Amino acid sequence: MRKISIAPSSAGVWGPNDGCQGAPAMRAKVPREPFGQAAAEGTAAHAVAEGMILEAAGNYSRRTLGIGEVYKNGVVITREMHDSARIYADDVIGEMRKRSVFTPVVEGKHNITRVHPGQWGYTDCDLYDKKHRSLIVWDYKNGRTPVEVVGNWQLINYVAALLEKYEIDGLEDQRTTVIMRIVQPNAYHRDGIIREWRVMACDLRPQINILAKNAAAAMSGTAPCRTGTHCKWCSARTVCPAAMAAGTALLEMVGDPNPMELTPTQVAAQYELALRAKEHIAGLLTGYTQQMLALAKDGGVPGWSVAHGRGSVGWAIPAEGVQQLGTIAGVDLLKPAAVLTPKQAEEAGVPANLIEMYSKVTPGKLCPQKVDTKELFNG
Ligand code: SF4
C-alpha cells in the first residue's frame, strides 16, 4: 500500500461533506493509473504557458517552447497547444499589466498546513496584488470536460495555501478579494472558456474548515467510502466494495418499476438518483472495459473475446470513383459543397477561441438544471 495522499487536485472527491473521505486510502491500495497521452500533453501545454508568463514578467529563467519543439516528456508542441497556452498566459499577463504587479508565481509549490499538516500542492499561477488587496489564482485546464469554477474545492484548497503563504490573517481576509479563474480553452461552457468566481477571502472560511475536517478524516485511513458522481474520477472504482455495491443497487433501482404517484420533490429526487446511476454505471463500465482489455492481452477472460465494434462505413475509393459509380447506377452521389462543422474545424486545428467567436450555440433539448450554487457562496 502506498502512502495516503490528499492532493488538492482530488479535493472534489475527499473535500466536501458529501464526498468520499475513504477514497485516498482506497486509492493508495491500487496501482497508480498510467500517465496517459492527454495528461502528458497537458503538462507540456502548461510548460509553454509558464514560459510565456515568466517572459512577460521579465523573468527569462524559462524559454517559451515553440511549435514543433519537443518538451522533455516527449510531447511535440502543436499549434493547438500553443494557442491554448496563449489564451491562459494572456489572461494572466493582462491582469499583471492592469495591476502593475509583475510577480506571478507560476507552478508554485505550497504547503497547506491550514488544511492538513504535510499537505502541499502546486498552483498553476497566482498573483497577489497587496496594494489593492486582491489575490488571484488560476487553474489552467487542458481537458475537454468542462469544469465549474464556483464552489470548486481544488481552488478553495489552493486559496487556503495562498492565504497562509501571504500571511493573510483573520482581519486581512475580511478586506481581501479572492479571484479564482479556470481557463479551459478546449471545452465548451455556457460561461465561456475563462470562468471566474470572486469572493471575499473570509467567505471561504467555512469551506476551508470543511476541507480541514475532511482531510483529517481522509488521512486517518479509517473513513468510510461514500459513493457519488465523484466515483467517476476515482482510480479505485473497479475494486471499491462501496462502488460495486452501489452499482448493483443502482442497477436494481433503474430496473424497479415505480407506479406510485410522486410529488414534485420526489420526482426531482428520483431524477437525481437516475442521473447518478447513469454516471456511476458509466464510470464502472469504463474501468471494467479497461480491465477486460488488459486481461485479454494476458490470456483472456473465460467466455469473452475481444473484437472491434462496428465502426462507420466509408467509401474505399476516391471521390471520382464514387461519382462514376453514381453515373452507372443513375444516382447522384455527390453532396453539395459544405463547410466543416465547428467541432470538425476544432479537430482540424482551428483555435478554440476563434471557433467560439464565430460560432453560435443552438440550445439543445430542454432538460432540468440544478439551481446555481453561486448565491449560496456569494451570500
Ligand atoms: S470508487 Fe467512489 S466510493 Fe469508492 S473509494 Fe472511490 S470515490 Fe470512494
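## Ligand between two domains

The ligand lies between domain 1 (8-220) and domain 2 (229-295), because both give residues to the shell around it. Domain bounds come from an automatic or database domain assignment. This is a predicted model: local features need pLDDT of at least 70, side-chain atom pairs count only at pLDDT 80 or more, and totals for chains, interfaces and linings use all residues. Residue numbers start from 1 along each chain, following its sequence as written.

## The shell around the ligand

The ligand is surrounded by 16 residues. The closest are Cys20, Cys231, Cys234, Cys240 and Ala243. A residue counts as near if its C-beta atom, placed from the backbone, lies within 6 Å of the molecule.

Which helices each supply at least two residues of this shell? They are helix 2 (23-28) and helix 7 (241-255). Helices are DSSP runs (H or I, at least four residues), numbered from the N terminus. By residue class, the shell holds eleven nonpolar, three polar and two charged residues. Here Ala, Val, Leu, Ile, Met, Phe, Trp, Tyr, Cys and Pro count as nonpolar; Asp, Glu, Lys and Arg count as charged; the others, Gly among them, are polar.

## Where the domains touch

The centres of domain 1 and domain 2, taken over C-alpha atoms, are 30 Å apart. Nine residues of domain 1 are in contact with seven residues of domain 2. Contact requires C-beta atoms, placed from the backbone, within 7 Å.

On the domain 1 side, helix 1 (11-14) and helix 2 give two or more residues each. Helix 2 provides the largest share, three residues. This side of domain 1 divides into five nonpolar, two polar and two charged residues.

Definitions and conventions:
Contact = placed C-beta atoms within 7 Å.
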